[in-house]
Amino acid sequence: MSSKKITFKLENKLSELKRLHQQLEAFAKEHQLPLKDIFEINLCLEEHFTNILSHGYADRETHWIDITLSVEQEKFIACIEDDGIPFNPTAVPAPDFKCPLEERKVGGLGVHLTRHYLDSMAYQRRGGINILMMTKKIDSQAEGV
């Protein structure tokens, strides 16, 4: 696969999830990504996007979230940039599954699932912007779109 990339902006509204799905689906179809990988990537993108919406902004103003999707050397890469409150998902501790359910801390399961499906996740805060880079190896043997 050669280097291929798209970039788009989503408003900080839950209704934008539909556009996120549409963009990913069109990109995946164009580059013949395997269905299993698309499902897992979609879950990861949706999880991070909804976390930004739920926890990233202290105001009700319009904010824009920049998303870049690319395929490079058998890897899918998603970069999500937002101007929300600093949040590093790579620093979120793994849930304690040994702890009784009623004593478990709320939250963190979505980040845990994201870590499970991705090969790597890198975060940085630069110039007031959260930048999350998610990478997943593409299973070239799996069934495509």
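Residues are numbered from 1 along each chain as its sequence is written, and side-chain values use heavy atoms, with hydrogens and water left out. Because the model is predicted, local features need pLDDT of at least 70 and side-chain atom pairs count only at pLDDT 80 or more, while totals for chains, interfaces and linings use all residues.

**Overall fold**

Let's start with the whole chain. Its secondary structure comes to three helices and five strands, in the order β-α-α-β-β-α-β-β from the N terminus. Here helices (H or I, at least four residues) and strands (E, at least two) are DSSP runs, numbered from the N terminus. Of the 145 residues, 40% count as buried, where buried means under 20% relative accessible area, with a 1.4 Å probe and protein chains only.

**The sheet**

The five strands form an open, antiparallel sheet in the order S1-S2-S3-S5-S4; two strands pair if DSSP finds at least two bridges between them. Strands S1 (4-11) and S4 (120-126) stand at the edges with a single partner strand each, so one side of each has no neighbour in the sheet. S1 and strand S2 (residues 64-72) run antiparallel and are joined by eight bridges. Within this pair, phenylalanine 8 stands opposite isoleucine 67 in S2.

**Helices on the sheet**

Contact means heavy atoms within 4.5 Å, and angles run from 0 to 180 degrees between N-to-C directions, with axes as lines fitted to C-alpha atoms, for helices over the stretch in contact.

| Helix | Strands touched | Angle |
|---|---|---|
| H1 (residues 17-30) | S1, S2 and S3 (75-82) | about 170° with S1 |

**The core**

What about the interior? The largest nonpolar core has 29 residues, and those with the most contacts inside it are Leu45, Leu69, Phe76 and Met134. Such a core is a set of buried Ala, Val, Leu, Ile, Met, Phe, Trp, Tyr and Cys residues joined through side-chain atoms within 4.5 Å. S1, H1, H2, S2, S3 and S5 each supply at least two residues of this core, and H2 gives the most, with seven residues.

Leaving aside neighbours within four places in sequence, leucine 45 is in contact with Leu20, Leu24, Leu69, Ala78, Ile80 and Met134. Histidine 48 lies in helix H2 (residues 35-55) and counts as buried because its relative accessibility is 8%.

Conventions. Buried < 20%, exposed > 50% of the residue type's maximum accessible area, 1.4 Å probe, protein only.
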